[in-house]
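Student: I would like to learn how to read a few features of a protein model, one at a time. Could we look at one together and go through it slowly?

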Amino acid sequence: MKPTDIKNPDYFHKVVDCQWACPAHTPVPEYIRLISQERYTEAYMVNWDSNVFPGILGRTCDRPCEPACRRVRTEEKPVAICRLKRVAADHKGDIRDYLPRIPEQKNGKKIALIGAGPASLAVARDLMPMGYEVHVFERDAKAGGMMRSQIPAFRLPMDVLEEEVNLILDMGVVCHFGAEITSMQAILDQGFDAVFVGTGAPRGRDLDLPGRADAEPFIHLGIDWLASVAFGHTEKIEGKVVVLGGGNTAMDCCRTSRRLGAESVQVVVRSAFEVMKASEWEKEEAIAEGIPIINNRPPKSFVVEDGKLRGMYFECVEPVRQGDGRLKYEPTGEPDVFIECDHVLIAIGQDNHCPWIERDLGIEFDRWDCPVLDKETLQSGNPKIFFGGDAAFGPENIIWASAHAHKAAISIHLFCQGRDVKADRPPEGLNLVSQKMGMHEWSYDSEHDPAPRYHVPHADLAHSLANVKIEVELGFDRHLGAKEAQRCLNCDVQTVFTEKLCIECDACVDICPMDCITFTENAEESDLRQMLMAPADNLAQDLYVSDALVDTGRVMVKDEDVCLHCGLCAERCPTGAWDMQKSIINLPQVHA
Amino acid sequence: MTYVAKPRTHHPKLPRNELGLTRRDYEGAVSTLCAGCGHDSVSAAIIQACHELSIPAHRVAKLSGIGCSSKTPTYFLGKSHGFNSVHGRMPSVATGANMANRELYYIGISGDGDTASIGLGQFAHIVRRRINMTYVVDNNGTYGLTKGQFSATNDKGSTSKKGAPNLYEPIDLAMMAIQIGATFVARSFSGDKAQLVPLLKAALKHEGFAFLDVISPCVAFNNHNGSTKSYDYVRAHTEAMAVADLIPIHDEIRIDYAPGTVEDVAMPDGSTLRLHKLHGDYDPRDRVGAMDTLMRRAQAGEIATGLLYLDDDPSDCHEILNTVDGPLASLGEAELCPGSQRLEDINAAFR
């Protein structure tokens, strides 16, 4: 293999699995270290800078970082990254001094943001400090978008939401709330220099089955129903409730129903439990609240008698794994099951829906009604119009909205300055800083803590089921937060190898607890992976290969897969050929 | 040296041996030697060898004297028996232990000071007595614990860290061992585990006195230009004469070598010792030839490594003395106190 190019920012970025997996590339180990030092405010700001909504995301994020966490491979359970983010938000001090200054003298450019959800708010956060005049248009009376309308208060308290939303609005954003936006042309006619569309995926999918029309008064689309609960229009649901769907919206619907007085609630899913789209912890919470989840039952029809919904019929299927690993559902031959119910909440997905965008503005739409965009710049066919969040590529989650927003804000900025939105984008950068402080001192806690993942305390079940506004998860306190933070492996503190200093004494090989390091003859990657101290079978993880060593012509090969970043290789190295260096990955935002 | 404990967590795919143990189960406490010390590599090689041979740790006794080398038994086989004895007196303790219980594996760890200076007399006699053990010398040519004086194995003309040359002839422990009756003699290098581990395995399975002279650079005091026991010098001046590989009982014996270069020796436990002759007509079973080669190589400033001498029908001290078959602790009253009639018979024999 060729020597690894560690100057390429992506190489060490990939080693920080959590950061690499995060759409917004939040520097996770950095903020976790700050938490363990009780520097909550700084930890919060690291997050705020990268993902804009730490308090909200610390409760609601889909957590792509956690399955990626190296701890899953070295032990079992990932670090509770998301909950630690919440620790930073819950315990932070006064952040006002850390916030960017908003210029009083504006730069003369006017930007319209359509929709006041996470994507638009994050674009506003990025553009306001640059002196833009930012106008946000929102159909609801308040900002927040799906964070307000679709996430129930028992998962995301209103004050947490408002605090982070207001932080941005208070920068001096011009708000046009409470009026439906009906025409893109009308917006363009107001003379904006650029328009950002962050209207989400606002249309809940319906289910066209026999009896659907007659059952109309008893059937509710999940996201619309959640919104009417959030805005106080719906305060109770009576009788037996069936929730259709296996995603997070379904979980929110069933748990909300449970709190609004339903006699019974069950979730019926067409697919198998393990392929349900809902996050693991959302499923667990629903089950813990006594809500049965019935799998492998595709809905067949609604039964309405005397103008009242009686129940639904479901087919019985079973999943059969195909050769390609996918599941195919085959009928079991059992008769259809009838489930009695008085209300049905349909939460089987949502779609993009932009009837208000005229089709002659140069924006192309695909068959899912998603705009055709440049993936990197998020610019549409109309160079003035940019998209982000769910409105861009279909339903995702909040953290994607933040990620899109940073990209779109850069594009809007370049566009407004008359520069090329593609060629002139600022590059990514990497900085490596040695963490050595003394003979056996490192500026990070190098010692490995084998503790299992700590459980987060929950509110008393009876108490939280009685009120839809009582938050279920209580979050880690400072003490538990500090303990959980110690589980982080500090994957951003990199093992950096300098060939010319190595005397091939094998000290690093002998001390490495995970058998990551091997000195061997060079070979092709597939062979090399089997020639190491322990086989490097995880192909998603890179091999770090040195140049040929002076004495023997062998190469140093490090399998990054299960490295604990304990620094013992560097501790044991007599010549300093190994050093522990913190990789700081500079991901461009508008201001940098 | 490090103060950070080595995490117990290990690679999820670390191989397990016949006892279901990983290599990590054979480790000891974390080393307090200098970072980069060759001795730590020797400890790692012993760990690997014992793991690969599936030796139960409690069937091993580790014995040592005084010195950096003699500290190392703490750093491997944490669940074995151990005796850190007086300076240069490890052979006496090993002899006693082996006489009392012949069924354990004995690993003696010594250094060039402990063996070639203060313990030279003891060394000579344990070799003569052919105690069934593996005697390892971590040989760095210097007194590391007392800050770098020349030891008795330091080559004449080799310099100290400050540049002063050594004025005395070196003791070649491998040569001495061959000359006074060791039945397995090898020399290796701490920086070459590919050679060292198979030699250690063969030595552990050898039923006689096995001696391993392991050149193990002292990074603090003897790893400079001018030293003949530095990582660089040793790498540039070694040549393997023959190496050994132990093929376990159940493994298929493959034949994929040039004729005349490999010879298989049956071991008492049913495994096979495969000798690879790497150097022309060097025959590791020719005692005189081995000594001749060692002297000539040394004269040329070269280091002959690998399996230097092997007696494939060895005898050990128990055989020489015709002792009891089992450990003394296993003897019952009947064996220990055969009765007055037996005493009468013995007495009668002297009349």
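Student: Where in chain B is the place of B:Arg274?

Tutor: Helices (H or I, at least four residues) and strands (E, at least two) are DSSP runs, numbered from the N terminus, and B:Arg274 has its place in strand E11, residues 272-277 of chain B. Please keep in mind that this is a predicted model, in which local features need pLDDT of at least 70 and side-chain atom pairs count only at pLDDT 80 or more, while totals for chains, interfaces and linings use all residues. Residues are numbered from 1 along each chain as its sequence is written, chains are lettered from A and ligands numbered from 1 in the order in which they are written, and side-chain values use heavy atoms, with hydrogens and water left out.

Student: Is B:Arg274 buried or exposed?

Tutor: Buried means under 20% relative accessible area, exposed over 50%, and partly exposed in between (1.4 Å probe, protein chains only). B:Arg274 has a relative accessible area of 8%, so this residue counts as buried.

Student: Which side chain does B:Arg274 meet in a salt bridge?

Tutor: Side chains of opposite charge can pair when their charged atoms come close. A salt bridge is a side-chain nitrogen of Lys or Arg within 4 Å of a carboxyl oxygen of Asp or Glu, and here the side chains of B:Arg274 and B:Asp264 meet at 2.8 Å, N to O. This pair links distant parts of the chain, since B:Asp264 belongs to strand E10 (residues 262-266) of chain B and B:Arg274 to strand E11, 10 residues apart. B:Asp264 is partly exposed, with a relative accessible area of 36%.

Student: How many salt bridges are there over all chains?

Tutor: A search of the whole structure finds 60. One of them joins A:Arg148 and A:Glu162, with the closest N and O atoms 3.0 Å apart. A:Arg148 lies in helix H10 (residues 146-149) and A:Glu162 in helix H11 (residues 158-169) of chain A, so the pair ties together parts that are 14 residues apart in sequence. A:Arg148 is buried at 7% relative accessibility, whereas A:Glu162 is partly exposed at 25%.

Student: How should I read the interface, and how many residues of each chain are in contact?

Tutor: Contact means heavy atoms within 4.5 Å, and 33 residues of chain A are in contact with 29 residues of chain B. Buried area is the accessible area (1.4 Å probe) that two parts lose on being put together, summed over both; chain A and chain B bury about 2600 Å² between them, with 55% of it on carbon and sulfur atoms. In chain A, the residues that lose the most area to chain B are A:His440, A:Asp510 and A:Arg572, together 22% of what that side buries.

Student: How many salt bridges does the rule find across this interface?

Tutor: The rule finds 6 across the interface of chain A and chain B, including the one in which the side chains of A:Asp537 and B:Lys13 meet at 3.0 Å, N to O. Helix H7 (71-74), helix H20 (507-511) and helix H22 (568-572) of chain A each supply at least two residues of the side that touches chain B.

Student: How many residues of helix H4 of chain A are buried?

Tutor: H4 of chain A is mostly covered, with 9 of its 12 residues buried, among them A:Tyr44, A:Met45 and A:Trp48. Just after this helix, A:Val52 takes a positive phi of about 70°.
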